[in-house]
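I opened this notebook to record what I looked up in the structure, entry by entry. Each entry takes up one residue, element or region.

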Amino acid sequence: AGRFFQHGPTETSQATLASVSPVFAVMKFDKEGNTTYFDKKKTELYQELGLQARDLRFQHVMSIATRNNRIIMRMEFLKAVITPEFLLILDYRNSSLEHWLLNELASQLAGEGQLVTYSLPFEFRAIEAILQYWISKLQGRLNTLQPQIFETLEALVDPKLLSVDRSKLHILLQNGKSLSELETDVKVFKETILEILDEDELIEELCLSKWTDLQVFEKSMSGIDHAEEMELLLENYYRQAEDLLNEARELRILIDDSESIIFINLDSHRNVMMRLNLQLTMGTFSVSLFGLIGVAFGMNLESSLEEDPRIFWLMTGIMFLGSGLMWRRLLSFLGRHLDPPLPPHVPAVLKKSQPAAGRVEIKTSHKGETFGLSRSTLTNQ
């Protein structure tokens, strides 16, 4: 009985775990844009699709792969399986994703608004719709960050401000972190597409209908190369990602330049305060130095000077005049050593070689071409 009590719960829990399998909430789109919803266990789903269990193991990564005439797309929280006949969106319960699925994806898969003269296969429309959604998602994040960063930088890079608002710096730090995350996501998106563009076999594998539909195969043989169409489709979104990354980099450079300006302004204000402190210290030293005269007369010692009624005003004048002259001398010394020196004056060394002919020869260490003038022009002048 004791052994049964010890091993019974363990065997029950193992049986329970073995019977439980992940269940996907699936949204299915066909070629006409019709939508159906259902829940399916992971084991049943990959068996019906002819996939392996690891193919439906979705993490928050980005990849595009093919297996058994199926396209498996992982766009972080967007998980899709594309076949020549339908599109499956797994775990679609996301606020922004569900809005796009219900309002836009069905019409795009139905082929509405296409500008080509012939209808593309279904997998083309599915891939383009997903890539368009993801690039617009990244563009929306940049459009949200850009005005916030501009507003914060305008408030920080103001020469009239003697101090920096810490709340603005905190906002700029958060925006900079969000911008770094956006740059990383765009780079991963680019690299995912570039891995496919570098391999012609991968591009061929993405053309599912070419190997299953006889009409599509005949079109490809008659001159419509679907592999080239797929390559052009991927290159289009690769260029969009490149442009988006350039905009993010320009924004990053703007933040770095603004930070340099902020540090320069803070250093300038700090130097002003240090100089003012030094000037006051010099003034205090000057007054203290000549204040020793008053200290000497304040001692309880008798002399003949204190009997003269004019000696007080004389000594007071000497103290103030000496302190002022001493302070002025110290300020002059400070100005000579702290102010930046003026650039040296370089006189033009002119020497008349032929006074009768009225020609003037210019002798310098620089060539005339540096200033956009030739030697003949200078000679004629």
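**Entry: Asn175.** I began with Asn175, which I located in helix H5; helices (H or I, at least four residues) and strands (E, at least two) are DSSP runs, numbered from the N terminus. The model is a predicted one, in which local features need pLDDT of at least 70 and side-chain atom pairs count only at pLDDT 80 or more, while totals for chains, interfaces and linings use all residues. Residues are numbered from 1 along each chain as its sequence is written, and side-chain values use heavy atoms, with hydrogens and water left out.

Is Asn175 buried or exposed? I found a relative accessibility of 6%, so Asn175 counts as buried; buried means under 20% relative accessible area, exposed over 50% and partly exposed in between (1.4 Å probe, protein chains only). I then listed its contacts (heavy atoms within 4.5 Å). Neighbours within four places in sequence aside, Asn175 touches Leu145, Gln148, Ile149 and Thr152.

**Entry: Ser180.** I stayed in helix H5, residues 166-197, which also holds Ser180. Ser180 has a relative accessible area of 32% and is therefore partly exposed.

Entry: I checked the UniProt record, an unreviewed entry, which annotates residues 227-261 as "coiled-coil region". UniProt positions are given in the numbering used here, feature names are shortened, and annotations may be inferred rather than shown by experiment. In the model this stretch is 100% helix and 0% strand, and its end C-alpha atoms are 51 Å apart.

**Entry: nonpolar cores.** I next looked up the nonpolar cores, meaning sets of buried Ala, Val, Leu, Ile, Met, Phe, Trp, Tyr and Cys residues joined through side-chain atoms within 4.5 Å. Which residues touch the most other members of the largest core? They are Met73, Met75, Leu87, Ile89 and Phe189, out of 61 residues in that core. Helix H4 (residues 122-156) is the greatest contributor, with 16 residues. Domain 1 (21-109) and domain 2 (115-268) each supply at least three residues to this core; the domain bounds come from an automatic or database domain assignment. Apart from this core I found another, of 13 residues, including Phe24, Phe58, Val81 and Leu88.

I followed Leu87 further. Beyond its neighbours within four places in sequence, Leu87 is in contact with Met27, Lys28, Phe29, Ala80, Val81, Ile82, Leu105, Leu109, Phe122, Ala126 and Ile130.

**Entry: helix H2.** In helix H2 (residues 42-49) I found Lys42, Leu45, Tyr46 and Leu49 buried. Viewed down the axis of H2, these buried residues fall within an arc of 90°, so they line one face of the helix; the arc is that of the directions from the helix axis to the C-beta atoms. An α-helix has 3.6 residues a turn, so residues three or four places apart point the same way. Gln47 and Glu48, on the other side of H2, are exposed. The cover over the buried residues of H2 includes strands E1 (23-30), E2 (35-41), E4 (70-75), E5 (78-82) and E6 (86-90). Gly50 follows H2 and has a positive phi, near 70°.

I examined Lys42 separately. Its relative accessible area is 14%, so Lys42 is buried. Neighbours within four places in sequence aside, Lys42 is in contact with Pro22, Phe24, Ala53, Leu56 and Arg57. Lys42 and Phe24 are 18 residues apart in sequence and 6.6 Å apart in space, C-alpha to C-alpha.

Entry: E3 and E4 run antiparallel and are joined by 6 bridges; two strands pair if DSSP finds at least two bridges between them. Ser63 stands opposite Arg74 in E4. The two strands form a hairpin with 2 residues between them. Most residues other than glycine have a negative phi. Asn68, in the loop between strand E3 (62-67) and E4, has a positive phi near 55°. Asn69, in the loop between E3 and E4, has a positive phi near 60°. With a relative accessible area of 27%, Asn69 is partly exposed.

**Entry: whole protein.** The protein has 11 helices and 8 strands, and 30% of its 381 residues count as buried. Of the contacts with a separation of 6 or more, 61% are between residues 24 or more positions apart.
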